[in-house]
Amino acid sequence: MPPSAAADSACSPPDGGWGWAVVFGAFISIGFSYAFPKSLTIYFKEIQEYFCISYSDIAWLSSVMLASMYAGGPVSSVFVNRYGSRPVVMAGGLMVSVAMVMASFGTTIMHLYLCVGVLGGLGLAFNLQPSLTIIGSYFHARRPLANGLAMTGSPVVLFTLAPLNQFLFDSLGWRGSFLVLGAIVLNCCVAGALMRPQQGIDEYSAAFLLSIFALVDMFVRPATGLVGNARRVRPRIQYLFSFSVAYNGACHLLCPLASGYAGLALYAVFFGLAFGMLSALLFEVLMDLVGAPRFSTAVGLVTVIECGPVLLGPPLSGALVDIFGEYKYMYYACGVFMLVPGIFFFVMHYYNYKKLDEERRQSAAVVMRTSEEAA
C-alpha cells in the first residue's frame, strides 16, 4: 500500500532536513492556491465589458473558483490518505493549467465559470490541502514556524502575480494572459515533486496521475463542445487567532473612512497584517485540536464549511455595489461579518479556560481528599 498521511505522521517528525524542502514546495503550492483567485480580479473589468455582464455576474467567477477549492477539500483528503501528498499536488497543478488554457478560448461567461471556476478550483483544492497536511508529518516542535513560512507563500505569490498580471493584461489581453498563466501555474507540479513521503515510495503515483488525466479528459470533452483533543489547545495561539479575526473585521469597517491613496495604502497594510495572522494561525490551531493523524480529514471538513460563505460572499458584495453604487456598504458588511466571530472567539475562549481552571481545582481537591483518606 502507498504511504498515507496517517502513516507518515506515525514516524517521528525530523523537524528539519528534507522538511525544509517540503516547506518550500508548500510555500509555492499554498501561495498559488490563495493568491491565484485574487490575482485574476485584474482581468474582471475587461471580461465584464467583453461579455456585457454586471458586477455580481463577474463576481461569481472568483466565487465559484474559491467555492470549488473549498468544496474539493474532502475529495482531496481521500486522495491524500490514499496516495500521499506528492501526486495530488502535481495533479492539481496540471488541472489548473488545463483550466486556464481552456478558459482562454471561452466565448461566454458560463465557459469561464466551468473552466476557471470548477476545474481550476478543484485543482487548487488538490494544491492546498496536501501541502498543509505534509508539513505536520515533517515537523512537530518547529511546526508553527514551518506553517508560518509556508503560509507566507500567499502574499509573496500575490505580490509577484499582481504586477505580472498587469503587464500581461496590457500586452496580451485577458485571453493571452490566461494562456501564459496556464504555463506559470505548472510550477505547482515542481513544488509537488518536492513533497516526498517520509518513508517508502508512492507506488501508485503514476496510476493516480493517469486517473486525473482521465478526469480532466472527461471534463474537457463536454467543455470543448461548449467552447468549441479540542480543549487542550494552546491558549496564546487561540487568543491570537481570535484577535486576528476581530482585527480583520475592524479593518474592513474603517476602510470607508480612508481618503485618498495614502488612506487606502494604510488600510491595505493593516488588512494585510490581519489577514496574515489569520491565515498563519488557522491551520496551526486546527492541527493542535485534532492532531496530525486526523488533520487531513479535518481540513477537508473545514473547507466544506467555508464553501458556502465563500460561494455567496462575492456575488452579495457585487450586488451591494450594483444596488447602492458605492463600495463603502460592501466594506461595512465585510467588517461586521469578520468582527462578530472575532468577538465570539474572545468570549468563548474566556469561558473555556475558566471552565478548565475549575476542573483542575476540582481534580486537585479530589486528589488531596483521596490522599488524606489513605493516610
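Which residues does Ser 85 touch, not counting residues up to four places away in sequence? Ser 85 touches Val 80, Pro 130 and Ile 134, where contact means heavy atoms within 4.5 Å. The model is predicted: local features need pLDDT of at least 70, side-chain atom pairs count only at pLDDT 80 or more, and totals for chains, interfaces and linings use all residues. Residues are numbered from 1 along each chain as its sequence is written, and side-chain values use heavy atoms, with hydrogens and water left out.

**Overall make-up**

- The protein has 15 helices and zero strands; helices (H or I, at least four residues) and strands (E, at least two) are DSSP runs, numbered from the N terminus.
- Of its 375 residues, 46% count as buried; buried means under 20% relative accessible area, exposed over 50%, and partly exposed in between (1.4 Å probe, protein chains only).
- The accessible surface comes to about 18000 Å², and 71% of this belongs to carbon and sulfur atoms; accessible areas come from the Shrake-Rupley method with a 1.4 Å probe, and for residues only the protein chains shown count as cover.

**Nonpolar core**

- The largest nonpolar core holds 66 residues, of which Phe 36, Leu 40, Ile 47 and Phe 178 touch the most other members.
- Helix α7 (residues 109-138) supplies the largest share of this core, 14 residues.
- A nonpolar core is a set of buried Ala, Val, Leu, Ile, Met, Phe, Trp, Tyr and Cys residues joined through side-chain atoms within 4.5 Å.
- Ile 47 is in contact with Ile 58, Ile 109, Leu 112, Trp 174 and Phe 178, leaving aside its neighbours within four places in sequence.

**Helix α6 and Ser 85**

- Ser 85 is found in helix α6, which covers residues 85-103.
- The end C-alpha atoms of α6 are 27 Å apart, which agrees with the 27 Å that its 19 residues should span at 1.5 Å a residue; the expected span is 1.5 Å times one less than the number of residues.
- Because 14 of the 19 residues of α6 are buried, the helix is largely enclosed by the rest of the structure.
- Ser 85 itself counts as buried, at 8% relative accessibility.
- A polar atom of the Ser 85 side chain lies 3.2 Å from the backbone oxygen of Pro 130. A polar contact is a pair of N or O atoms within 3.5 Å; within protein, one must be able to donate a hydrogen and the other to accept it, and residues adjacent in sequence count only if both atoms are side-chain atoms.

- Ser 104 sits in the loop between α6 and α7 and counts as buried at 4% relative accessibility.
- The side chain of Ser 104 reaches the backbone oxygen of Val 101 at 2.5 Å.
- Not counting residues up to four places away in sequence, Ser 104 touches Arg 175, Phe 178 and Leu 179.
- Ser 77 belongs to helix α5 (residues 73-83) and is buried, with a relative accessible area of 5%.
- Leaving aside neighbours within four places in sequence, Ser 77 is in contact with Gln 129, Ser 296, Thr 297 and Gly 300.
- Ser 77 and Phe 126 are 49 residues apart along the chain, and their C-alpha atoms are separated by 8.8 Å.

**Leu 186**

- Leu 186 lies in the loop between α9 (153-184) and α10 (187-193), where it is partly exposed with a relative accessible area of 34%.
- Gly 93, Leu 94 and Ser 97 are the residues that Leu 186 touches, not counting those up to four places away in sequence.
- From C-alpha to C-alpha, Leu 186 and Ser 97 are 6.2 Å apart in space and 89 residues apart in sequence.

**Cysteines**

- The structure holds zero disulfides, a disulfide being a pair of cysteine sulfur atoms within 2.5 Å.
- For Cys 188, which is in no disulfide, the nearest cysteine sulfur is that of Cys 189, 7.0 Å away.
- Cys 188 counts as buried at 0% relative accessibility, and Cys 334 counts as partly exposed at 24%.
- Cys 52 is in the loop between α3 (44-51) and α4 (55-71) and is exposed, with a relative accessible area of 69%.
- Although Cys 52 is not a glycine, it has a positive phi of about 55°.
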